[in-house]
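Take a look at the sequence and the model before reading on.

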Amino acid sequence: MNETNLKKLLQKFPLINDLIEQKTVLWENDKYLKNPSSSTQVGLNDVTDAAKRLERFAAYIQLAFPETEKNNGLIESSIIEIPNMKMLIEGRRGLRIPGKLMLKCDHALPISGSIKARGGIYEVLKHAETLSINNGLLNLEDNYSKLNDDSFRQFFSQYKIAVGSTGNLGLSIGIMGAKLGFNVTVHMSSDAKEWKKALLREKGVTVIEYESDYSKAVEEGRKQAESDPMCHFIDDENSKDLFVGYAVSAFRVQQQLKQLNVKVDKDHPLFVYLPCGVGGGPGGVAYGLKQIYGENVHIFFAEPTQSPCMLLGMMTDLHDKIAAQDIGLTNKTEADGLAVGRASSFVGKEMEPILSGCYTVDDSFLFRSLKGMYEQENIFMEPSAHAGIYGPIILLNEGKSYLEKHGLLSKLENATHLVWSTGGNMVPQDQRQLYLSDRI
Ligand SMILES: *Cc1c(COP(=O)(O)O)cnc(C)c1O
């Protein structure tokens with residue numbers, strides 16, 4: 001972006017000045033609609049279809065990953081209250097958080113310990129199902145545990161799967177793909193942690209490393225995969241399958257909140273805070289939640305101050321035509337899962353009527369929150385996952401206009417704040433100790 005264009009942009013969107021200064025900001029989405037009509041690219045039927053597919057695969061998942069047995073082969077995490085963390089935040093911030101503070105524990109999702117165990121694994125399974133059915137090896141009515149047989153592994157070994165990732169998507173695709181027998185190649189950005197690459201190589205996955213960031217890793221992966229008809233490229237920037245895989249979580253949240261006797265209706269608003277990288281994970285979840293809860297759910301995306309790509313893309317309407325680097329930011333953050341400079345335009349456009357807003361959070365908060373959560377609740381979440389924790393703080397401090405506009409100020413005592421914890425369980429002990437120490 002040249003200087004005159006940037007100047008024009010700054011005049012039109014003065015909030016960019018704050019982004020340039022790396023201030024934490026709350027942006028209200030002015031295209032938000034109380035009751036958005038169904039989108040053009042994804043329908044609710046796509047999500048129910050995905051939910052059914054995951055049920056078909058449950059028999060296989062249970063067999064291949066015994067840790068999923070207790071949930072009958074469904075890859076799901078719990079929702080819990082975090083009262084001690086709430087007290088800690090209130091004490092530190094001199095702020096009262098009315099209502100409940102709850103955590104969606106995707107850091108503890110089985111198989112790959114992050115939100116990517118939803119979309120990423122779903123797309124691999126869908127691809128495996130399509131190949132098997134097209135080759136006459138599988139029927140929709142079959143017991144899918146047969147996918148665990150050697151004959152299937154041999155069949156899948158003719159095929160390749162490739163993906164570009166900052167780390168966690170690569171882990172999910174790599175672990176699931178390798179288990180089924182696929183040849184998996186993961187194109188890793190420079191942000192990816194060493195241990196993630198090592199773990200994948202251990203599982204027989206090919207890891208290609210790049211000096212540059214996520215966008216480049218995806219681009220290279222896409223290019224290499226295009227030239228090979230046996231290769232399926234999982235496109236984190238554009239994939240509808242990833243998106244609907246994430247969206248299935250909304251049905252599960254609905255059941256879980258019911259079981260927990262947490263009401264969501266016009267007098268009991270639900271606020272959801274989702275860490276955002278390229279947008280697919282949080283976008284899919286947001287899409288699903290909106291279908292279920294309509295105007296009673298208020299969804300905010302969280303991004304590092306160095307990587308506010310979705311905020312920039314949606315606010316300016318430029319979507320993937322603008323990057324964090326265009327306004328002089330580095331896209332360098334310890335929140336590796338969120339180190340994305342350019343957002344998905346597919347997701348950004350889907351989010352126009354759905355998302356309440358985006359906010360930014362700095363790395364120092366992520367580390368304070370990481371330690372606090374560990375000490376108060378004995379929960380370990382990776383830095384990216386803590387971006388959600390900042391949500392209630394910035395909304396209550398700076399979101400008065402939003403709350404007022406939607407008649408929420410008088411309902412806050414009945415509110416539920418659901419922070420989506422997006423990752424952590426795969427982080428090795430020595431890395432955890434490093435995060436918990438004062439050396440970072
Ligand atoms: C990938 C990831 C996100 C964000 O998901 P996107 O689809 O990239 O927006 C958030 N947190 C963690 C830990 C992640 O790995």
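## About the model

This is a predicted model, in which local features need pLDDT of at least 70, side-chain atom pairs count only at pLDDT 80 or more, and totals for chains, interfaces and linings use all residues. Residues are numbered from 1 along each chain as its sequence is written, and side-chain values use heavy atoms, with hydrogens and water left out.

## Nonpolar cores

A nonpolar core is a set of buried Ala, Val, Leu, Ile, Met, Phe, Trp, Tyr and Cys residues joined through side-chain atoms within 4.5 Å. Buried means under 20% relative accessible area, exposed over 50%, and partly exposed in between (1.4 Å probe, protein chains only). The largest core has 112 residues. Within that core, F182, F301 and M351 touch the most other members. Helix 3 (residues 44–64) gives the most to this core, with 8 residues. Helices (H or I, at least four residues) and strands (E, at least two) are DSSP runs, numbered from the N terminus. The core draws at least three residues from each of domain 1 (3–41 + 69–111 + 243–436) and domain 2 (115–241). Domain bounds come from an automatic or database domain assignment.

Leaving aside neighbours within four places in sequence, F301 is in contact (heavy atoms within 4.5 Å) with residues including L274, M310, M351 and Y359. A second, separate core of 38 residues includes Y32, F271, Y359 and L395.

## Helix 9

Helix 9 (residues 214–226) has 13 residues. The helix reaches 18 Å from its first C-alpha to its last, close to the 18 Å expected at 1.5 Å a residue; the expected span is 1.5 Å times one less than the number of residues.

Among its buried residues are Y214, V218 and A225. The buried residues of helix 9 pack against strand 4 (160–165), strand 5 (183–188) and strand 7 (231–234).

## H107

H107 sits in the loop between strand 3 (100–105) and helix 5 (116–134). Why does H107 count as buried? Because its relative accessibility is 6%.

The side chains of H107 and S421 are joined by a polar contact of 2.8 Å. A polar contact is a pair of N or O atoms within 3.5 Å; within protein, one must be able to donate a hydrogen and the other to accept it, and residues adjacent in sequence count only if both atoms are side-chain atoms.

## The ligand site

Around the ligand are 16 residues, each with a heavy atom within 4 Å of it. K116, N168, G279, G281 and T422 come nearest. T422 is also one of the contacts of H107.

A backbone N or O atom of G277 lies 2.7 Å from one, and a backbone N or O atom of V278 lies 3.1 Å from one. For a polar backbone atom of G280, the distance to a ligand oxygen atom is 3.3 Å.
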